[in-house]
Every structure is written in structure tokens, then in C-alpha cells.
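Trainee: I have not worked with this structure before. Could you take me through part of it?
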Amino acid sequence: MDITGLSDDRLHLRTWREEDAPALVEAVRESVASVGQWLPWCRAGYDLSDALTWIAHCQTGWASGDHFAFPVFEAGSGRLLGAAGLNQHNRLHRSANLGYWVRESCQRRGVAVAAARRVARFGFSQLGLVRIEIVILPDNLASHAVARSLGAKFEAIARQRLWVEGQARDAAVYGWIPRDLD
């Protein structure tokens, strides 16, 4: 699968590699206060074993065509800024879910918007998707702002759409189709 065009002079996206694990641990631990409130895997105890397990999961996802995760690096320095990816790939309906996160020290710089846009282009052009959903907890205002900046359209508050920390939670659903990229 062609992943060229995901990088430019600002950001570099590619598939996860085992050697990314220490940088992932560092970025996660830095981001517990901001990212951890929305993504339960982002916790203070996140360690090298967790990172390697995640990277192996991502590599398996690519091989099976189930999900496509990208670390997001600063092009000049090579610093890991966060990640973006497509998961819940539904081949029948040609749709997927888009997720993204940015390490705390790099938030509010347009990284999530730029990375998510690249990943969406990949999904529409390389996977043949006709729909991408962004599913967000209602009080995650930063993620709502990213979805709107991308041009995704708010569609609904879906009741009990996400399972978070052992309970069903309502979620905002944004829909994004290829023409929304323009």
C-alpha cells in the first residue's frame, strides 16, 4: 500500500516500528494529564512493554487490513508528536473510524488537523473509503475543534456509542466524506 504523500517539510507519517517504542513511552507519559482524560490507555504506568505490544498490534492491523496507524513525527527533528490512524475498517460499507492524539507539549499547533487530513486522504485514496467517522466523547472540546477544522460534519450524539472505563458513554459522531476534503 502506498503511503507516500503523508509527509512534508513539517510532518512525517509512516508505519510504526519497534524502535519507536521508547519515544512512544515518553510521549504518552508526558501527556497523561491532557490525553489520558480521553484515552484510557494513556496513563502514568505506560511502559516499554505496553508500547511494544501496541506497535505489534499496529503491525498486525496493517497486515490484516483492519486498521492503519501512523506515528506522527516532526519532519526536521524526528521527534514523535503523536499519532493518527484509521480503525474499525468496515470493508463492506467502505468506512472507518479516525482517531488522533498529540503529545501535550505540541498541542494547539495544528498537528492533529494536519496529520488527520493526511490519514483521511490515505483512507479515501488508498483504501477506497467513502466515509470516515470521528467519534468523540461530548466534553472533549479539543477533539471537537479538530473534527470541525477538518471539515467533518457533526451528525449526532449517539447514545452509549463508546465503552470507556467499564461503562457505556454517549458520543458525538462526525461524518467525513471525500468531497469534505476540498
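Predicted model: local features only at pLDDT ≥ 70, side-chain atom pairs only at ≥ 80, totals over all residues.

Trainee: Which residue in E4 does alanine 83 stand opposite?
Mentor: Alanine 83 faces tryptophan 101 in E4.

Trainee: And how many residues lie between E3 and E4?
Mentor: There are 4 residues between them, and the two strands form a hairpin. Within the turn, arginine 94 has a positive phi of about 55 degrees.

Trainee: Is E4 mostly covered or mostly uncovered?
Mentor: Strand E4 (residues 95-102) is mostly covered, with 7 of its 8 residues buried.

Trainee: What about E5, then: does E4 run parallel or antiparallel to that strand?
Mentor: E4 and strand E5 (residues 131-136) run parallel, and 3 bridges join them. In one of these pairings, serine 95 has arginine 131 of E5 as its bridge partner.

Trainee: Through which helix does the chain cross from E4 to E5?
Mentor: The chain passes through helix H3 (residues 111-126), and this β-α-β crossover is right-handed.

Trainee: Turning to H3 itself, why is it described as largely enclosed?
Mentor: Of its 16 residues, 13 are buried, so H3 is largely enclosed by the rest of the structure.

Trainee: What span should H3 have?
Mentor: At 1.5 Å a residue, the 16 residues of H3 should span 22 Å. The end C-alpha atoms of H3 are 22 Å apart, which agrees.

Trainee: Which residue just after H3 takes a positive phi?
Mentor: That is glycine 128, with a phi of about 70 degrees.

Definitions and conventions:
Residues numbered from 1 in each chain as written. Heavy atoms only, no water. Buried < 20%, exposed > 50% of the residue type's maximum accessible area, 1.4 Å probe, protein only. Pairing = 2+ DSSP bridges. Right-handed = clockwise from strand over helix to strand, strands pointing away. Expected span 1.5 Å × (residues − 1).
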